[in-house]
Amino acid sequence: MHVVSYALFLVALFQCRFLAFAILDPIDFLALQSIRKSLHDLPGSNYLASWDFTSDPCNFAGVYCASDKVVALNLGDPRAGSPGLTGRIDSAIGKLSALAELSIVPGRIYGSLPESISQLKGLRFLAISRNFISGNIPVTLGRLRRLKTVDLSYNQLTGGIPRSIGTLPELTNVILCHNHLSGSVPPFLSHGLTRLDLKHNALSGSLAPYSLPPSLQSLSLSWNRLTGPVDKLLSRLNHLNYLDLSLNQFTGPIPGRLFSFPITNLQLERNSFSGPVQPTEPVTIPTIDLSHNRLSGHISPMFSTVQNLYLNNNYFTGQVPASFVDRLLSASIRILYLQHNYLTGIEISPTAEIPLRSSLCLQYNCMVPPVQTACPLKAGKMKTRPAFQCKG
């Protein structure tokens, strides 16, 4: 009798000890244990101290549950400057079948993304940025048809961007910048895509006119090796408010229609864009950088409403429109860089005083600058082009 009573006591003790987490699905419980074993706090962090499996895992830091399932996993102290975590992402992550959100704060997580992530059919948010993730992006991520955000930026990923990711129907944000990705940019078919950031990779090839949806509001492809014309593509993206295609090898014309879009910052510098640039109306974009291209023709007066305008290092010719002078002297223009072109004149008095908060550079054109202004050091010391370069 005493033996039976003692046995019942032990059962009751076991139940009491683990009652707090008995509601969690056993598969999720074991998955969390495996995930914990593969991760460690970096010095200065005690984030994982709360992961005591003698208590309710749903009360662990970064673990969020609904009913008996884990629905969100936000690993690492989210406060700015926290040391973060180190270790690998265990393949057991794929066992959390109800997971809708997975994020890991900046730290030193290394190794590849486990293929098992593709088993998380309800995943909507995947963000593992500013770590040391390496290897390829799994092609099987294309199975996550409910995925809205993919942020794998600032890692060491290699290989191509799987075409399967571009087919995901609910994507709104794709952020893969600052990796070592190569190959072409796949078509993105989601009509809800608003942000695409692929800058600082080694992507190459051209962009087809219909490869990106008109829903895009922010597009950053700078610091790649992309080529070919983009005028037909850009003409379709009329919801853009940020565009950076700088430091590529794009060619062809810049569509005039682009300058009427609700863009706040337009960066097209250091490409091989060519031909005249003709906005259809006064431009309201605050900052435009078209420098270091092969643009030609006269400078449109429609640009005189831009606050910061970089047209240097092109093939522009003719007179600088008088409207630029008026706005420059009223300090409405803050930066006007026209150096290293083939301009032949600007109607400004040699005694005109450029406002202190405005900057004008005219050197190395087919004219003697009528006013002396401070230019960037990269503009060089030559004030005027040699005469033989200005003939014809």
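Helix H2 covers residues 26-37, which makes 12 residues, and spans 17 Å from its first C-alpha to its last. That is close to the 16 Å expected at 1.5 Å a residue. The model is predicted.

**Helix H2**

- The buried residues of H2 are Asp28, Phe29, Ala31, Leu32 and Ile35.
- These residues lie on the same side of H2, because they cover an arc of only 165° around the axis.
- Pro26, Leu30 and Lys37, on the other side of H2, are exposed.
- Three strands pack against the buried residues of H2: E1 (39-41), E2 (63-66) and E3 (69-75).
- At the start of H2, the backbone nitrogen of Ile27 has a side-chain oxygen of Asp25 within 2.7 Å.

**The whole chain**

- The protein chain contains 5 helices and 27 strands.
- Its C-alpha atoms fill a box of roughly 115 × 40 × 30 Å along the principal axes.
- The radius of gyration of the protein chain is 29 Å, whereas a compact globule of 392 residues would have one near 21 Å.
- Of the 392 residues in the protein chain, 51% are buried.
- Taking contacts between residues at least 6 apart in sequence, 41% join residues at least 24 apart.

**Thr140, a loop residue**

- Thr140 sits in the loop between strand E8 (132-135) and strand E9 (149-151).
- Thr140 has 15% relative accessibility, so it counts as buried; the cut-off for buried is under 20%.
- Setting aside residues up to four places away in sequence, Thr140 touches Glu115 and Ser118.

**Phe303, a loop residue**

- Phe303 belongs to the loop between strand E22 (294-298) and strand E23 (308-310).
- The relative accessibility of Phe303 is 2%, and therefore Phe303 counts as buried.
- Apart from neighbours within four places in sequence, Phe303 is in contact with Phe259, Val277, Pro279, Val283, Ile288, Leu290, Leu309 and Phe324.
- Between Phe303 and Asp326 there are 13 Å in space, C-alpha to C-alpha, and the two are 23 residues apart in sequence.

Methods. Residues numbered from 1 in each chain as written. Predicted model: local features only at pLDDT ≥ 70, side-chain atom pairs only at ≥ 80, totals over all residues. Heavy atoms only, no water. Helix = DSSP H or I, 4+ residues; strand = E, 2+ residues; numbered from the N terminus. Expected span 1.5 Å × (residues − 1). Buried < 20%, exposed > 50% of the residue type's maximum accessible area, 1.4 Å probe, protein only. Arc of directions from axis to C-beta. Contact = heavy atoms within 4.5 Å. Polar contact = N/O pair within 3.5 Å; in protein donor to acceptor, adjacent residues only side chain to side chain. Rg over C-alpha atoms; globule rule 2.2 N^0.38 Å.
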